[in-house]
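The sequence and structure follow.

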Amino acid sequence: MSNCEQNLPRLLIQAEAKTAEARSLLCIHRDPARLSVLQEKGFSLVTATHGTQGLRLLASKSVDAVILEYHLGIVDSVAVADEIKKISPRLPVVMLAESLDLPEGALKSVDALVTRSDGPHFLLEAIHTVLQAKDRLHFDTAPARQAEQRGEEAMPVTKCQILVVDDDQSVRESITLSLMEEGYDVVAAEDGFRALSQLKKKLPDVVLSDLDMPGMSGFELLSVVRRRFTQISTVAMSGAYVGEEVPFGLIADGFFNKSSQSKNLLNTIQQSLLTTQARSRDHHRECTPAWIPRNGNESKAMPYVVLTCAECLRAFPMNLAEGTTAEVLEMPCRYCHSMNRYIIEPSNQYAREASA
């Protein structure tokens, strides 16, 4: 059992152990039958085919979360999500959309976004994640509310889980031990691929990743985390950059310079945990670019990369020209013409100049 779980009230542990049968979902969807997989998994469904009907049901029914289709047609789904948060600010809203390409502000009242290409498994994972967050928030704040009513000082909020990713075993073990001594529940992975395997088992509160790793670099891993798990805060670490600011082109909430003192790492993690909720909203509003590694040179000695469309998932190569690295690029897919956003791995020379 984790340190976080040991410090939570017994009621929280019971709540997290509940089966889906105890959970009720309000599904606002033009074709609710398409969400039958949720009922098959044991959820109790309350359905509505448009936003006005859904809001009326919300006023009379008690539900644990809302599944909201983006393209409702009659009533703007963004306005529906805003109204839901006015009625019940802590009620999780999971948005279903055709793609990640949504207008700015469309996700300001949404806790999770799932696209058609994600599939039912990711939808179920998103629902379980927002429900766990709701339970944790309820029981974490309950002692503070009770203490406030008694006129007492509230106990500090429980520290939770951190995923540490570093291919250097000694560094990985040293950081893990330091964080555990501070009371954090820590899991570790030796590279980006194993980190993604850990994320399939349980989502941590913070991902702390080294940048220079074989296979999948920290740049790539943190880009994937930001795009797929917007509720997770991310902290990068490296000894190749000067200062404590997030290096240019890196998609992360914080940065730890390995040559600095360990207390700086603790401060960075604590700051990430304190601002998780606000950061999560910002992450939802962003259309995060994918971080693409270089593939070397093709037959004519031209550097190139392979891009994968976020919409149709087809891959295609692109030659690199001067000035196309370390900045956000918008590139239409060769097949479906959807616009995708990328950051191309900077050359070693550019990285050295940027850190100088």
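The model is predicted: local features need pLDDT of at least 70 and side-chain atom pairs count only at pLDDT 80 or more, while totals for chains, interfaces and linings use all residues. Residues are numbered from 1 along each chain as its sequence is written, and side-chain values use heavy atoms, with hydrogens and water left out.

H8 spans residues 192-201 and H9 residues 218-228; helices (H or I, at least four residues) and strands (E, at least two) are DSSP runs numbered from the N terminus. The two helices pack at an angle of about 25 degrees, with their axes 9 Å apart. Axes are lines fitted to C-alpha atoms, for helices over the stretch in contact, and angles run from 0 to 180 degrees between N-to-C directions. H8 and H9 are therefore roughly parallel to each other (under 35 degrees; over 145 is roughly antiparallel, 65 to 115 roughly perpendicular and the rest oblique).

## Contact residues and burial

From H8, Gly192, Ala195, Leu196 and Leu199 meet Leu221, Val224 and Val225 of H9, contact meaning heavy atoms within 4.5 Å. These residues divide into six nonpolar, one polar and no charged (nonpolar: Ala, Val, Leu, Ile, Met, Phe, Trp, Tyr, Cys and Pro; charged: Asp, Glu, Lys and Arg; polar: the others, Gly among them).

H9 is largely enclosed by the rest of the structure, because eight of its 11 residues are buried (under 20% relative accessible area; exposed is over 50%, partly exposed in between, with a 1.4 Å probe and protein chains only). The buried residues of H9 include Phe219, Glu220, Leu221 and Arg226.

## Threonine 234

Threonine 234 is found in strand E9 (residues 233-238) and is buried, at 0% relative accessibility. Not counting residues up to four places away in sequence, threonine 234 touches Leu222, Val225 and Arg226, among others, and also Val207, Ile251, Ala252, Asp253 and Gly254.

## An open sheet

Three strands form an open sheet with mixed pairing, in the order E11-E15-E14; two strands pair if DSSP finds at least two bridges between them. Strands E11 (290-292) and E14 (328-332) stand at the edges with a single partner strand each, so one side of each lacks a neighbour in the sheet.

E11 pairs with E15 (residues 339-344) in the parallel sense over three bridges. The bridge partner of tryptophan 291 in E15 is isoleucine 343.
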